[in-house]
Amino acid sequence: MRDNRTGQEYDVPIVDGTIKAADVGKIRTDEENPGLAVYDPGFVNTASCRSSVTYIDGEKGILEYRGYPIEQLAEHSNFLEVAYLLVHGHLPSKAEYDAWEHEITYHTFVHENVKGFMEGFRYDAHPMGILMASVGALSTFYPESRNISDADNRHMQIVRMIAKMPTLGAWAFRNAQGKPYVYPDNELSYTENFLAMLFKMSEKKFEADERLVKALDVLFILHADHEQNCSTNAVRSVGSSQVDPYSAVAAGIGALYGPLHGGANEAVLRMLRRIGSKENIPAFIEGVKNGNERLMGFGHRVYKNFDPRATIIKKACDDVFEVTGVNPLLEIAKELEKIALEDEYFVKRKLYPNVDFYSGLIYEAFQFPPEMFTVLFAIGRTPGWLAQWLELVQDKEQKIARPKQIYTGDRGLDFVPAAERWKQ
Ligand code: ACO
């Protein structure tokens with residue numbers, strides 16, 4: 001690298017397609033001035049860690065967890081096994097899977113005091129706010145979780161969090177509905193149990209249609225990790241202070257809550273409703289092309305040819321609608337997709353349906369209100385957050401997250417006491 005201020009040249013090693021920011025920092029005009037830094041709002045081109053959890057190739061539309069393609073995991077695995085894979089880095093043996101399933105199943109209950117404070121939220125409290133607060137509060141129930149250097153202790157908290165997330169999510173939902181909370185049923189599978197805690201009323205045993213259970217399980221798998229996205233970065237950033245994992249994951253839930261991250265599928269539903277019928281699609285597309293509208297559920301920062309998760313979700317739609325009846329918005333969505341994929345504007349900009357284009361339709365078929373969509377995302381993403389957190393706390397190269405800034409404010413002003421400033 002040549003510093004064009006001084007003409008001096010520096011040999012900066014390129015490793016794994018990156019240069020070290022610390023090496024760039026050695027480039028300086030003189031000892032008085034700080035070294036060169038990189039300005040990268042939103043970390044668009046900055047690698048913050050080495051990770052072996054998730055691989056994405058946006059150009060080719062590849063998503064792999066620990067090296068396994070998402071398509072194979074969605075078809076042949078289940079969410080708990082994928083959670084094991086993400087957290088442990090390998091697929092479980094029969095004995096490992098049984099132990100994992102047993103542990104997760106038997107930690108689904110939460111302390112009664114958790115229920116008590118959840119009941120304290122207002123009737124119209126957003127379930128994502130309740131989830132964030134409750135997960136953060138779990139750190140006070142398990143103060144030993146602060147001991148993040150102990151492997152057994154870390155494992156215990158990971159199990160607890162994956163196990164309790166559906167309980168908290170379902171209770172947040174029941175809170176909004178004014179319905180009594182349903183306790184976990186340890187005889188049910190992870191996803192079935194979640195559905196039971198959401199929808200069970202007076203029946204003795206809740207029985208969900210297998211196709212619905214499978215579809216929701218697949219949706220959890222598809223959302224389980226997505227490398228260094230906004231919420232994962234939040235988990236890692238907060239976790240880098242060596243706080244307990246509940247506090248770190250609560251930060252991730254906060255990040256996911258935002259409309260630019262977890263909220264797009266809700267926007268897709270609003271858009272489809274606004275379009276209203278197939279005849280209105282051409283006018284809507286014209287609006288998008290004129291820059292007056294945005295085709296929600298299309299385009300992705302990383303995927304530039306297709307989002308592999310969208311293809312899987314589209315298939316899951318058919319299974320769900322077989323049980324629930326077709327959502328009339330599906331027809332509009334399919335036609336919209338067809339027209340957009342043939343249109344020069346979208347083709348040129350490499351805009352394809354993303355994971356959110358169809359997921360909202362499925363969630364609606366389950367009768368989830370839109371506020372619950374992000375909660376479902378959070379439940380699915382929990383093993384990913386924890387796998388990334390685990391990697392972080394064991395990574396010797398990691399330090400407390402502390403980016404630099406380019407200071408643009410005043411310097412060296414003289415403070416004038418209020419009594420003098422406010423004198424007429
Ligand atoms: N509809 C219409 N035009 C679009 C869309 C869209 N959905 N997405 C991108 N474009 C256009 C942009 O206007 C821009 O056009 P220009 O070159 O003429 O200015 C071009 O395509 C490139 O777009 P960028 O905004 O630069 O792409 P970026 O990578 O920054 O944005 C994003 C990606 C935010 C996902 C964007 O495509 C978008 O807003 N999509 C709709 C919202 C959405 O579905 N979000 C969910 C993402 S998946 C997830 O988070 C789980």
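Q: What distance separates an oxygen atom of the ligand from a polar backbone atom of H261?
A: The model is predicted: local features need pLDDT of at least 70, side-chain atom pairs count only at pLDDT 80 or more, and totals for chains, interfaces and linings use all residues. Residues are numbered from 1 along each chain as its sequence is written, and side-chain values use heavy atoms, without hydrogens or water. A polar contact here is a pair of N or O atoms within 3.5 Å. For the ligand oxygen and the backbone atom of H261, the distance is 3.5 Å.

Q: How far is an oxygen atom of the ligand from an N or O atom in the side chain of N354?
A: N354 is also one of the residues that come nearest to the ligand, along with R294, L295, G297 and F298. Its side-chain N or O atom and the ligand oxygen are separated by 2.9 Å.

Q: How much of the accessible area that the ligand has on its own does the protein cover?
A: Accessible areas come from the Shrake-Rupley method with a 1.4 Å probe. On its own, the ligand has 930 Å².

Q: Why does the end-to-end distance of helix α6 agree with its number of residues?
A: Helices are DSSP runs (H or I, at least four residues), numbered from the N terminus. The expected span is 1.5 Å times one less than the number of residues. Helix α6 has 15 residues (127–141), so it should span 21 Å. Its end C-alpha atoms agree, being apart by 21 Å.

Q: How many residues of α6 are buried?
A: Buried means under 20% relative accessible area, exposed over 50%, and partly exposed in between (1.4 Å probe, protein chains only). Among the buried residues of α6 are M128, I130, L131, V135 and L138. The cover on them includes α5, α7, α11 and α18. Of the 15 residues in α6, the buried count is 11.

Q: Is E227 buried or partly exposed?
A: E227 sits in the loop between α9 and α10. It is not a glycine, yet its phi is positive, about 40°. With a relative accessible area of 28%, E227 is partly exposed.

Q: What is the relative accessible area of Q242?
A: Q242 lies in the loop between α10 and α11. Its phi is positive, about 70°, although Q242 is not a glycine. Q242 is exposed, with a relative accessible area of 58%.

Note on methods: A residue is near a molecule or strand if one of its heavy atoms lies within 4 Å of it. A polar contact is a pair of N or O atoms within 3.5 Å; within protein, one must be able to donate a hydrogen and the other to accept it, and residues adjacent in sequence count only if both atoms are side-chain atoms. Helices (H or I, at least four residues) and strands (E, at least two) are DSSP runs, numbered from the N terminus. Contact means heavy atoms within 4.5 Å.
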